[in-house]
Amino acid sequence: MATAASLAGWAPRFLSVLRIVAGLLILQHGAQKILGFPPGGNGGGFDVSSLSTLSGWSGPIELVGGVLIILGLFSRPVAFILSG
């Protein structure tokens, strides 16, 4: 039976995997809204006039935020911004 001390060494690895997977999911939503990939939904085109919509603002935030989360740069402030 594994003890808590032996599992504590694995915590940083599991947290990294969780951070990367969450970042990839956020990145996917931003890419769908801006780039239209993967196809589906109502995304697929980005122009300056779309900044007046909620999707126009959330797409770039998700795209940039997802990349920053994956890389682990400014993870806490970016996660706070992405949560709102």
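Reader: Taking a salt bridge as a side-chain nitrogen of Lys or Arg within 4 Å of a carboxyl oxygen of Asp or Glu, how many does the count come to?

Author: By that rule the count comes to one salt bridge, and please keep in mind that the model is predicted. The side chains of E62 and K33 form the pair, with 3.2 Å from N to O. The two residues belong to distant parts of the chain, since E62 sits in helix α3 and K33 in helix α2, 29 residues apart.

Reader: And E62, is that buried or exposed?

Author: E62 counts as buried because its relative accessibility is 18%, and the cut-off for buried is under 20%. K33 is at 24% and therefore counts as partly exposed.

Reader: What else does E62 touch, apart from its sequence neighbours?

Author: Once the neighbours within four places in sequence are set aside, E62 is in contact with I26, L27, H29, G30, K33 and L82.

Reader: H29 is on that list, so where is H29 and how accessible is it?

Author: H29 is found in helix α2, and with a relative accessible area of 43% it is classed as partly exposed.

Reader: Let me step back to the fold. What is the secondary structure?

Author: The protein has four helices and zero strands, and from the N terminus on the order of its elements is α-α-α-α. Among the contacts with a separation of 6 or more, 47% are between residues 24 or more positions apart.

Reader: How much of the protein is buried, and what does the surface consist of?

Author: Buried residues make up 15% of the 84 residues.

Reader: How does α2 compare with its expected span?

Author: Helix α2 covers residues 11-34, which is 24 residues, and reaches 35 Å from its first C-alpha to its last, close to the 34 Å expected at 1.5 Å a residue.

Reader: Which α2 residues are buried, and what do they pack against?

Author: The buried ones in α2 are G23, G30, A31 and I34, and the buried residues of this helix pack against α3.

Reader: Same questions for α3, please: what about its span and its buried residues?

Author: The 18 residues of α3 should span 26 Å at 1.5 Å a residue, and its end C-alpha atoms are 26 Å apart, which agrees. Its buried residues are G56, S58, G59, E62, G65, G66 and I69, and they pack against α2 and α4.

Reader: Switching to the backbone, what should I look at just after α2?

Author: Just after α2, G36 takes a positive phi of about 75 degrees. A cis peptide bond then joins F37 and P38, with omega at about 0 degrees, and P38 is placed in the loop between α2 and α3.

Reader: And which residue has a positive phi without being a glycine?

Author: That is F74, whose phi is about 55 degrees. F74 lies in the loop between α3 and α4, and at 61% relative accessibility F74 counts as exposed.

Conventions
Residues are numbered from 1 along each chain as its sequence is written. This is a predicted model: local features need pLDDT of at least 70, side-chain atom pairs count only at pLDDT 80 or more; totals for chains, interfaces and linings use all residues. Side-chain values use heavy atoms; hydrogens and water are left out. Buried means under 20% relative accessible area, exposed over 50%, partly exposed in between (1.4 Å probe, protein chains only). Contact means heavy atoms within 4.5 Å. The expected span of a helix is 1.5 Å times one less than its number of residues.
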